[in-house]
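Happy to walk through this one with you.

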Amino acid sequence: MAPSASDVLRLDGNGNPRTLRLFASLVEAESRRFASSAASQPAENDLVRAFRGGATPTIPIVEFLERLQRCNYLFDSAVYVLAAAYLALFMRSPAALEAGIVVEPATAHRLVSVAVLIGAKFVSPRYFERRVESFQICSGQSIRSSEMCPLELLFLRALNYRLFIADEEFQRFFRILERRPAPARSSLACGATKRKAQDEEEPRRVRACQLAARYGISGFFNRS
């Protein structure tokens with residue numbers, strides 16, 4: 001049976017939207033898959049250079065989003081579904097295809113940041129007027145708040161400013177997000193020891209790869 005909106009949009013045990021971890025899991029799997037090949041490719045155009053930025057955040061995507069959620073405690077669950085939709089549309093846009101940009105460790109945090117920012121603005125247009133600085137704080141100062149407006153403009157131009165997501169497409173992203181495995185709890189959330197985190201990381205990667213192969217969604221954002 002396909003998951004319902006209420007299944008996907010409910011809160012987890014920590015009071016965060018389930019869609020946060022589901023979205024993070026999908027992005028992290030894509031980023032790992034393209035890490036090696038992307039690292040060897042120079043940033044030869046403005047779009048890739050912009051989203052690689054000056055510094056790459058070192059925290060995992062899931063912890064980055066959890067920090068953003070705490071800073072912006074009114075985030076709606078639908079924001080992360082919209083973020084997944086916008087990121088997928090961006091990666092398939094002519095501008096992104098021509099530039100050859102992929103979701104990889106050097107670009108993932110900025111791509112996610114802009115997708116979440118636009119999703120939040122669509123759900124609550126006035127909410128983010130004074131919260132752009134949270135991206136700098138939550139990224140450990142790696143993403144500067146002054147980057148966000150130019151990155152958002154590049155993203156919107158690639159989408160041709162078309163942000164409306166039809167109900168059918170929205171439901172499709174419910175199903176895609178629900179298929180992701182429940183990732184291991186982050187070190188911030190559970191206070192796990194470094195050794196325990198290392199022991200759990202490999203099974204988590206294996207589960208992500210297995211789910212991607214099973215459901216055919218490996219390369220969902222990036223081109224296979």
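What follows is a set of questions and answers on the terms used for this model.

This is a predicted model, in which local features need pLDDT of at least 70 and side-chain atom pairs count only at pLDDT 80 or more, while totals for chains, interfaces and linings use all residues. Residues are numbered from 1 along each chain as its sequence is written, and side-chain values use heavy atoms, with hydrogens and water left out.

Q: What makes up the secondary structure of the protein?
A: Helices are DSSP runs of H or I with at least four residues, strands are runs of E with at least two, and both are numbered from the N terminus. By that count the protein has 13 helices and zero strands.

Q: How do you know that helix α8 spans what its residues should span?
A: The expected span of a helix is 1.5 Å times one less than its number of residues. Helix α8 (residues 108-123) has 16 residues and should therefore span 22 Å; its end C-alpha atoms are 22 Å apart, which agrees.

Q: Why is α8 called mostly covered?
A: A residue is buried under 20% relative accessible area, exposed over 50% and partly exposed in between, using a 1.4 Å probe and protein chains only. In α8, 13 of the 16 residues are buried. Across the 224 residues of the protein, 49% count as buried.

Q: What makes a set of residues a nonpolar core, and which members touch the most others in the largest one?
A: Such a core is a set of buried Ala, Val, Leu, Ile, Met, Phe, Trp, Tyr and Cys residues joined through side-chain atoms within 4.5 Å. The largest one here has 58 residues, and Phe23, Leu65, Phe90 and Phe155 touch the most other members. Helix α6 (residues 77-91) gives the most to this core, with 13 residues.

Q: Which residues does Leu65 touch?
A: Contact means heavy atoms within 4.5 Å. Leaving aside residues up to four places away in sequence, Leu65 touches Leu20, Phe23, Ala24, Tyr80, Val112 and Val116. For the protein, residues 24 or more positions apart account for 82% of the contacts with a separation of 6 or more.

Q: How many aromatic pairs does a search of the whole structure find?
A: The search finds two.

Q: Why is the pair of Phe51 and Phe90 called tilted?
A: Rings of Phe, Tyr and Trp (its six-membered ring) pair if their centres lie within 6.5 Å; planes under 30 degrees apart count as stacked, over 60 as edge-to-face and the rest as tilted. Phe51 and Phe90 are 5.6 Å apart centre to centre with 55° between the planes, so the pair is tilted. This pair links Phe51 in helix α4 (residues 46-52) with Phe90 in helix α6, 39 residues apart.
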